[in-house]
Amino acid sequence: MHNSSPSHPSHRPSEQPSAGGKAVLSVSGLTKEYRVYDKPEGLLASVTGLFHRKNRVVEALKGVDLEVGKGEFVAMLGPNGAGKTTFLKLLSGIITPTRGTARVLGHVPWERTDDFRRRFALVMGQRNQLWWDLPAAESFRLHKEIYRIETRAFERTRDELVDLLGVRKLLLQPVRDLSLGERMKLELVAALLHEPEVLFLDEPTIGLDVVAQHALHRFLAHVQAERQMTVILTTHYMKDVAALCQRLVVVTEGSILYDGSLGQIVDRFTSHKIVTLDFDAPPEASRVERFGFPAEIRGPQVILRIDRTRIADALPGILREEGVRDVSVEDVPLEEIVAQLFRSGTSDAAGISAPTGTPR
Amino acid sequence: MSTTAGGRFAADQGFLARRLHAWRVWWTMLVICLEERLVYRGDFILGTLMRFLPIVTQVFLWTAVFGATSSGSIAGYSRNDIVAYYLLTMVSRAFSSMPGLAGGIARGIRDGSVKKYLVQPVDYVSYLLAARIAHKLVYYAVAILPFAGVFLFCREYFPPIPDWSTIGVFVISLLLSFLLGFFMEATLGMLGFWFLEVSSIVFAYMLVQYMLSGHMFPLDMLADIPTGIPGLSVAGLVRFLPFEYTAYFPAAVWLGKVQGAELVRSLLVETAWVVVMAVACRIAWWRGTRRYSAFGG
């Protein structure tokens, strides 16, 4: 406070890194409300709507807290409308929050300083940074200037990224002639040319075929590890999460339901394992019922849900049963857990949000 | 390249270095916009030729008007003067008209592609200007031949070629009319931050523009029409509005209709409008993006 020498306000962010020391991104109480107009059906309503509109407040994000350290790869998983994209828009400074604070690389994103904007990148599935009618090489050249990339660094980075994705031969084709997957790859190259410290990816694999998804996963994992880049990726595909992220954040209805590792989510949200038995012939229901666990019979296959704590005791008895040929013990699939989380989150949140829809 | 001490970016750049960098970015944008425009050369050639159609109908109309009156001149214009005037306003319009600018900006706001300019460290207005200059340069490259042909064909309608200083002022007035047209339409387009659809606003603007710019008829024909304010004719009033500088004024300069003190005053008024609209455009962008950030995005 007693700063006698002329201070340089522009230097302040870098002088005092955020509280955690290593946190690249910290968000607290981040809330975004949108006002939406409800238009009742019918022509008459349309006419009266010209003069008087009822509006309603929708909370896209409800007081989100999150800290992300350097080099973390975080997946945000959630159903449509959960607030994932809103979150990324806030972090990249496109929109301002209704309440709450955020710091990314020491900057308040929505102040949109050039210093901040040179240090991160945002890739939104549908929105292209690439010029539609020109070859991607031209867009890259523009990025080189915009982001002040030195010629040698630019060429090295470009060649490396392009070779990793195997898209060198696409560089000179007009972007509009490329397939969705090819465009997405080039979008990623464009976003990574200036070696951003933070990368936001909004549903990067949406609409891509399995091969392209896989290529993208490998690429992202490699680049992230090599650069120690901090990445936040939104998706609703479990595959993306499993392939890429150490940390999973599940969002529904604008709130974080789960924040932790992929492994922990299984421990925390499921109490049982799935035991699959293969019989020689379809067993009778009465025989299966005797096991005393919830069971489902599919022909010669029986699927049991057995409490984790009782697996060790129950299995030997079950295996001694006549006609059991094979057995497998598995965790509940992640998809199922997450789907359940989504559902529970939705019903909880609906109960809370109902009275908040007050017009302003 | 020589002394970039702090890593990849020279963090502590002086004012000059920053300006220099801004110019390099701008230049690259201009070049890339040029390349993009050249993709559509076919569309351009057709569009350029279509521009000559309205002028033909105007010439026919005025020929009929002069045929109907016994006197050889209307408001000081002979038939030849009129043809020369219209051809010259075509030159003005080639500089000041901005087809698709406002609509394009508004579309970008509506479909969200404007976000790119919030995320990247680029200045949107500079980009728009670069894109428009590229647009114009390609247009001139294509249009110069038909223009030259028409002017050559109609050369006897024109008074003798004016002296060099008049030609100089004519060129300045054209360049200013480009900037004026650009900033007016860009500002209009940024109303898209407030209204979902700006096409009706743009239409209204075009209508006013058409009448008050001198595109429809020479504005000095309004000299005798009173406004109700003592000593001020409609033409006198229009002189203080920005519109006439986008069509009438450059033509009037070439034809020697504005001279001396009046010429200087007009140039000052035009420059003032360019500054006002450039500032308005910045303010609209600044307030518009704040609104966009707060409400939608």
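Leaving aside neighbours within four places in sequence, Arg325(A) is in contact with Asp278(A), Phe279(A) and Asp280(A). The model in which these contacts occur is predicted, and chain A averages a pLDDT of 83, with 89% of the residues scoring at least 70.

**Arg325(A)**

- Arg325(A) belongs to strand β13 of chain A, which covers residues 324-331.
- Arg325(A) counts as exposed because it has 9 C-beta neighbours inside 10 Å, and a residue with 12 or fewer is classed in that way.
- From C-alpha to C-alpha, Arg325(A) and Ile206(A) are 41 Å apart in space, and 119 residues separate them in sequence.

**The six-stranded sheet of chain A**

- Six strands of chain A form an open sheet in the order β5-β6-β7-β3-β8-β9, and the pairing is mixed.
- Its edge strands are β5 and β9 (255-261) of chain A, each of which pairs on one side only.
- On average, and with direction ignored, neighbouring strands of this sheet are turned by 15 degrees against each other.
- Helix α10 of chain A (residues 262-269) packs on the sheet, where it touches β8 and β9 of chain A. The direction of helix α10 of chain A makes about 115 degrees with that of β9(A).
- Within the sheet, strand β3 (residues 73-77) and strand β8 (residues 247-252) of chain A pair in the parallel sense over four bridges.
- The bridge partner of Met76(A) in β8(A) is Val249(A).

- Strand β6 of chain A spans residues 198-202, and five of its five residues are buried.
- In a regular strand, side chains alternate between the two faces of the sheet.
- Both faces of β6(A) are covered: one side carries the buried residues Val198(A), Phe200(A) and Asp202(A), and the other carries Leu199(A) and Leu201(A), also buried.
- Strand β5 of chain A (residues 120-124) pairs with β6(A) in the parallel sense over five bridges. Ala121(A) stands opposite Leu199(A) of β6(A).
- Strand β7 of chain A (residues 230-235) also runs parallel to β6(A), and five bridges join the two strands. Here Asp202(A) stands opposite Thr234(A) in β7(A).
- A right-handed β-α-β unit is made by β6(A), helix α8 of chain A (residues 210-227) and β7(A).

**Helix α1 of chain B**

- Helix α1 of chain B runs over residues 15-38, which is 24 residues. At 1.5 Å a residue this helix should span 34 Å, and its end C-alpha atoms are 35 Å apart, which agrees.
- The buried residues of α1(B) are Val25(B), Met29(B), Ile32(B), Cys33(B) and Arg37(B).
- The cover over these buried residues includes elements of both chains: α5 (136-146) of chain A together with α7 (124-153) of chain B.

**Confidence along chain A**

- Confidence in chain A is highest in strand β4 (residues 99-104), at a mean of 95, and lowest in helix α1 (residues 12-15), at 36.
- Over residues 1-21 of chain A, pLDDT stays under 50, and the model has ten contacts beyond four places in sequence for this stretch.
- Over residues 347-360 of chain A, pLDDT likewise stays under 50, and the model has 14 contacts beyond four places in sequence there.

Key
Residues are numbered from 1 along each chain as its sequence is written. Chains are lettered from A and ligands numbered from 1 in the order in which they are written. This is a predicted model: local features need pLDDT of at least 70, side-chain atom pairs count only at pLDDT 80 or more; totals for chains, interfaces and linings use all residues. A residue is buried if 20 or more other C-beta atoms lie within 10 Å of its own, exposed if 12 or fewer, and partly exposed in between; C-beta atoms are placed from the backbone. Two strands pair if DSSP finds at least two bridges between them. A crossover is right-handed if, with the strands pointing away from the viewer, the path from the first strand over the helix to the second runs clockwise. Axes are lines fitted to C-alpha atoms, for helices over the stretch in contact, and angles run from 0 to 180 degrees between N-to-C directions. Two residues are in contact if their C-beta atoms, placed from the backbone, lie within 7 Å. pLDDT is the predictor's confidence in each residue, from 0 to 100. The expected span of a helix is 1.5 Å times one less than its number of residues.
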